[in-house]
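Hi,

Here is the structure I said I would pass on.

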Amino acid sequence: MIPMTKSPLQIARAKYQPLLPASLAGNVVLKEGIVTQSVDNHIEINKLFPNTYGMPLLTFETGKQKSYLLKNVGVILSGGQAPGGHNVIAGLFDALKKINSENKLYGFLGGPSGLVEHKYIELTKEVVADYRNTGGFDIIGSGRTKLEEDWQFDKGTEICKQLNINAIVIIGGDDSNTNACILAEYYLKKNYDIQVIGCPKTIDGDLKNEMIETSFGFDTACKVYAELIGNIQRDASSAKKYWHFIRLMGRSASHITLECALQSQPNICIISEEVQAKNLTLNDIVEYIVKIIVNRANFGLNFGTVLIPEGLIEFIPAMKKLISELNDLLANNEDFNYLHTDDEKRQYVKGMLSADSCQVYRTLPKGIAHQLTLDRDPHGNVQVSLIETEKLLIEMVAKRLAQLKAEGQYKGNFASINHFFGYEGRCAIPSNFDANYCYSLGYTAALLIMENKTGYMSFVGNLTAPAKEWIAGGIPFTMMMNLERRHADMKPVIKKALVLLDGKPFKYFEKYRDSWADENSNYIYPGPIQYFGPSEVCDKPTQTLLLEKGI
């Protein structure tokens, strides 16, 4: 008997037909809306992007049949994986072929480098068929090469001319779409007939604004993580002897952590943006966790869950200052590189830091302090995402609880287990929401191309309504831009969306978190993503979206 190459779920999901907004189901007409401006630094962004600045919002509505020119399109998957990327490509492919069966779609292999190095495949009906409604980016692969140099743009132009490619679709996060904006401007400046359209991707949820309600993949990833958290909470309630410290993806914002908290109601959840706003120290965070652990222990509950965002360290003001000093201190520092033992390096660093940063450095467990001095990225900076913050907090909490026990103020038993949920959610089979949303984004991107638009990001809105009521169109890249300091220089970038402390999702969390922490655990067990069953289970958007829309 030949082993199965596909699971029953894979086979069933391949048959799923994603839903489209009613406005895209037939013939369409493009409507122009208000003229836009950047979120900040209006004059500077206008000067940097004179050809794409100030373009109007675009929406598609039902219209009369019209003819379009034949077009070939290239597509790039850029950055980290997110559930639904394959459906963006499927929607793009289907729309192009529906408009004209002679239209061709090429996929550049391995991310943006495929465009520069001229590595590609033609995406045919047979190729796309195997990837519909699947997770991952393996149809063409992804990469993190930045498109920001003129020579890269020119190399891309060469292959586009060779393949008669009229447009490039870049599927990525804020950095990737920033590069897409620069590329669109360059091609217009050079009068090259190559359009550039973007699609909003990132499980982190930080590519959002008044028009982009959520980035694709966020829904699926949060549902996967929330299921795992729920499973752990059920286990914690059963074993009654472990505190589980769970670090979740999201270096630049805490959207994933907040959404997972709203779905699972853990005993403790740290939100980086709140830590920064309140100027909390690492010890403040430890004391907050310890207080809840001690209180639960007074009721005989020596177990619980703690959610921690991946980027927490960088949001602690004192730690951020320490990391900045270390980056400057250790960049091309030959004296430090000649030191041999960890103790020598530790003593050297302590002698070079400011008094405040030195004090913070002294309080860190040796393992974490050592990691801060060794793990550098290609730019010479600390790789904060590699710091095991959950282990750091466990060690510091355990030490503090031991002190309280010696003082007779803590009578419980503290045993901990650490977790990091990251890759488990990035390539999951997309939820119904993401399957539909991504397909609509790709379909919309194709229509923007056929309407000869460039410098736009595909958008689909009104997402808490049924899919047929969604609104589709395009927003200019420049509308999302501002200037930020990157490696000592001010550069135009798409502004990241942080958790808003006055926003409805955080306010809801703030209102109820104390009750989740007390002796009567209010755990929710979300269970696995349900692909088939009642709509209120299968098609429910994230709590973040529902709260933001007041539903």
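Predicted model: local features only at pLDDT ≥ 70, side-chain atom pairs only at ≥ 80, totals over all residues.

Residues are numbered from 1 along each chain as its sequence is written, and side-chain values use heavy atoms, with hydrogens and water left out.

Let's start with the sheet of 4 strands. It is open, its pairing is parallel, and the order is S9-S10-S8-S11. (Helices, H or I with at least four residues, and strands, E with at least two, are DSSP runs numbered from the N terminus; two strands pair if DSSP finds at least two bridges between them.) Strand S9 (268-269) and S11 are at the edges with a single partner strand each, so one side of each has no neighbour in the sheet. Helix H12 (residues 282-298) packs on this sheet and touches S8, S9 and S10, with its direction at about 150° to that of S8. Contact here means heavy atoms within 4.5 Å, and angles run from 0 to 180 degrees between N-to-C directions, using lines fitted to C-alpha atoms (for helices, over the stretch in contact). Helix H19 (residues 389-406) lies across S8, S10 and S11, at about 160° to S11.

How many of the residues of strand S8 (residues 243-248) are buried? The count is 6 of 6, where buried means under 20% relative accessible area, exposed over 50%, and partly exposed in between, with a 1.4 Å probe and protein chains only. Trp 243, Phe 245 and Arg 247 point one way from S8, and His 244, Ile 246 and Leu 248 point the other way. S8 pairs in the parallel sense with S10 (residues 304-309) over 6 bridges, and Arg 247 sits opposite Ile 308 there. S8 also pairs in the parallel sense with S11 (residues 416-421), over 6 bridges, where Ser 416 is the bridge partner of Trp 243.

Then there is an open sheet of 9 strands with mixed pairing, in the order S1-S2-S13-S12-S7-S6-S3-S4-S5. Its edge strands, S1 (28-35) and S5 (120-122), each pair on one side only. From one strand to the next, the twist averages 25°. Within this sheet, S12 (residues 456-461) and S13 (residues 471-476) pair in the antiparallel sense over 6 bridges, and Phe 459 has Gly 473 in S13 as its bridge partner.

Why does Ile 170 count as buried? Because its relative accessibility is 3%. Val 75 is 95 residues from Ile 170 in sequence, but their C-alpha atoms are 6.0 Å apart in space. Leaving aside neighbours within four places in sequence, the contacts of Ile 170 include Ile 76, Leu 147 and Cys 199.

Cheers
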